[in-house]
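Dear colleague,

Please find below the structure that I am handing over to you. A short account of the findings follows it.

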Amino acid sequence: MLLGVMLFFDGALLALGNILFVSGLTLIIGPQKTFYFFARKQKIRGTICFIGGIILVFLKWPFIGVVVETFGFLNLFGDFFPVIVTFMRQLPFIGTALSLPYVRDVVDRVAGSRTSAV
């Protein structure tokens with residue numbers, strides 16, 4: 001999908017990236033858990049936007065499809081961003097960069113990380 005965006009929203013590469021993403025997710029967590037993840041009531045808006053974006057890419061509307069799909073992706077996987085940021089802060093070079101004073105504030109705000117009062 002990244003290659004499709006780099007090549008000015010090439011519809012075929014974006015469609016291939018979407019197929020590989022969904023099939024890879026299914027292979028990693030299994031078909032039943034994939035279905036339950038996308039079918040949860042609190043994630044239905046993200047699921048509709050994500051699948052709608054994939055359909056728009058398949059119908060040769062790549063720019064609008066990617067925008068709608070990104071909105072759905074953020075709604076679906078937004079809960080994982082604090083976990084990803086915490087993991088990345090433990091990496092050698094990336095963790096040092098993410099712990100810089102101004103960068104830390106921006107990353108915490110974007111990822112929605114919570115800080116304790118203690």
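Is Asp108 buried or exposed? Asp108 is buried, with a relative accessible area of 14%, where buried means under 20% relative accessible area, exposed over 50% and partly exposed in between (1.4 Å probe, protein chains only).

Please note that this is a predicted model, in which local features need pLDDT of at least 70, side-chain atom pairs count only at pLDDT 80 or more, and totals for chains, interfaces and linings use all residues. Residues are numbered from 1 along each chain as its sequence is written, and side-chain values use heavy atoms, with hydrogens and water left out.

The model holds two salt bridges, a salt bridge being a side-chain nitrogen of Lys or Arg within 4 Å of a carboxyl oxygen of Asp or Glu.

One of them joins Arg89 and Asp108, with 2.8 Å from N to O. This pair connects distant parts of the chain, 19 residues apart: Arg89 belongs to the loop between α6 and α7 (92-98), and Asp108 to helix α8 (residues 101-111). Helices here are DSSP runs (H or I, at least four residues), numbered from the N terminus. Arg89 is partly exposed, at a relative accessible area of 26%.

Lys43 and Asp79 also form a salt bridge, their closest N and O atoms lying 2.8 Å apart. Here too the pair links distant parts of the chain, 36 residues apart: Lys43 is in the loop between α3 (31-39) and α4 (44-58), and Asp79 in the loop between α5 (62-77) and α6 (81-88). Lys43 counts as buried at 6% relative accessibility, whereas Asp79 is exposed at 55%.

Yours sincerely

Key: Helices (H or I, at least four residues) and strands (E, at least two) are DSSP runs, numbered from the N terminus.
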